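Here is a short report on one model. It covers the core, a helix pair and some backbone details.

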Amino acid sequence: MKKYLILASLLLAACNEAADTVSTAPVAEVPAAETAEAAAPAGYKTLDGQKPIIIAHRGASGLYPEHTLKAYQTAIDQGADFIEPDLVMTKDGVLIANHDGYLSDATNIAEHDEFADRKTVRKMPMGDMDDWWSDDFTLAELKTLKAIQRVEGRSHDYDGQYDIATFDEIIDLVLENAEKGRIVGLHIEAKWPSNFSAAGLDMVDPILDTIARRGLREAGIPVFIQCFEPSFLAQVAAKSDLPLVQNIVGPPYAALLGLDMKLEDIPTMGVGAHKAMILTEDGGTTDYVDRAHALGKVVHVYTVRDDDPAEGFESAEQELKVLIEAGVDGIWTDYPATAIAVRDEAE
Ligand code: G3P
Ligand code: CA
């Protein structure tokens, strides 16, 4: 059931979006792996021939509770090219990092008796869900919570130690690292923006204004904006030249959720594809990356996990090698150190 709900939450971001709502987003320059450091080895089959970028999925979330500053800094220390905050909104309009609009999976809110009566049922794409929701709480209230490990089988040693991080705090971390000469990019996902805008908490301007206010471009911080909702990306495209990634899901959920988008119909410069669209269950690959590259699009693939290799693969290392051989341009992973080692071996 838990797995089902996680899947539902991943997909709900786009539940009301249809493929025909997309607009023609301008194509912006692709930030290179490791930015200034990346050489261009001949062996990579990426669109630009450079190393695929390694994107720390919710930070080094295999090791520490996801979306915490500890998880992000660990990923940076391991050499990730990008860290990935999933952003949601608080009741008072603050952008915070959390994978979902609901809070029970990755925080200890269930232990907070003072919030017990705020648990409410909301309609989700795959049914009603009874939980606590970020936009029912102020930032001050959410700062009384602590992050917990969400994934079964991973360490709970760090549960209760780290706060929910705001977008600004994550940027603080990125800029502090940049000042020390360690440039890491931000691969920013807006989660469920149509829900928040319906509640009067539009996410487009807060995200773009924060990026501008904090001087990320001036500091040389590469930025991608990604989302499952095409209309959100179209709004960003109308206001910004930031490189955009349209996240997509594979069958059968794509059709179920109105997200059955053909590559040719995607206007953004990048697609964020589920790995099942690239890998086959006998350990091979589809032609998805080649088709995207033929259209001039980069492919970032989600998500590789050391503790959960894809069907048909004995290890994450094997899976990573095949993805890199297929030519993916970016890889989301919960374990950046593993992906970096495999990628750099392939050089
Ligand atoms: O955003 C793409 C990638 O991160 C996978 O999605 O559900 O883990 O945020 P999710
Ligand atoms: Ca994400």
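Which residues have the most contacts inside the largest nonpolar core? They are A80, I83, L87, I278, L323, V328 and I331, in a core of 99 residues. Helix α10 (residues 316–326) gives the most to this core, with six residues. Beyond its neighbours within four places in sequence, L323 is in contact with I278, V301, V328 and I331. Contact requires C-beta atoms, placed from the backbone, within 7 Å.

This is a predicted model: local features need pLDDT of at least 70, side-chain atom pairs count only at pLDDT 80 or more, and totals for chains, interfaces and linings use all residues. Residues are numbered from 1 along each chain as its sequence is written.

Next, a helix pair. The axes of α2 (residues 69–78) and α4 (residues 167–179) come within 11 Å and cross at roughly 25 degrees. That makes α2 roughly parallel to α4 (angles under 35 degrees count as such). L69, Y72, Q73 and I76 of α2 meet E169, I170, L173 and N177 of α4. These contact residues divide into five nonpolar, two polar and one charged.

Two residues other than glycine have positive phi. A residue is buried if 20 or more other C-beta atoms lie within 10 Å of its own.

A cis peptide bond joins Y302 and T303, with omega about -15 degrees. T303 is in strand β11 (residues 298–304).

Technical notes. Chains are lettered from A and ligands numbered from 1 in the order in which they are written. A nonpolar core is a set of buried Ala, Val, Leu, Ile, Met, Phe, Trp, Tyr and Cys residues joined through C-beta atoms within 7 Å. A residue is buried if 20 or more other C-beta atoms lie within 10 Å of its own, exposed if 12 or fewer, and partly exposed in between; C-beta atoms are placed from the backbone. Helices (H or I, at least four residues) and strands (E, at least two) are DSSP runs, numbered from the N terminus. Two residues are in contact if their C-beta atoms, placed from the backbone, lie within 7 Å. Axes are lines fitted to C-alpha atoms, for helices over the stretch in contact, and angles run from 0 to 180 degrees between N-to-C directions. Angles under 35 degrees count as roughly parallel, over 145 as roughly antiparallel, 65 to 115 as roughly perpendicular and the rest as oblique. Ala, Val, Leu, Ile, Met, Phe, Trp, Tyr, Cys and Pro count as nonpolar, Asp, Glu, Lys and Arg as charged, and the others, Gly among them, as polar.
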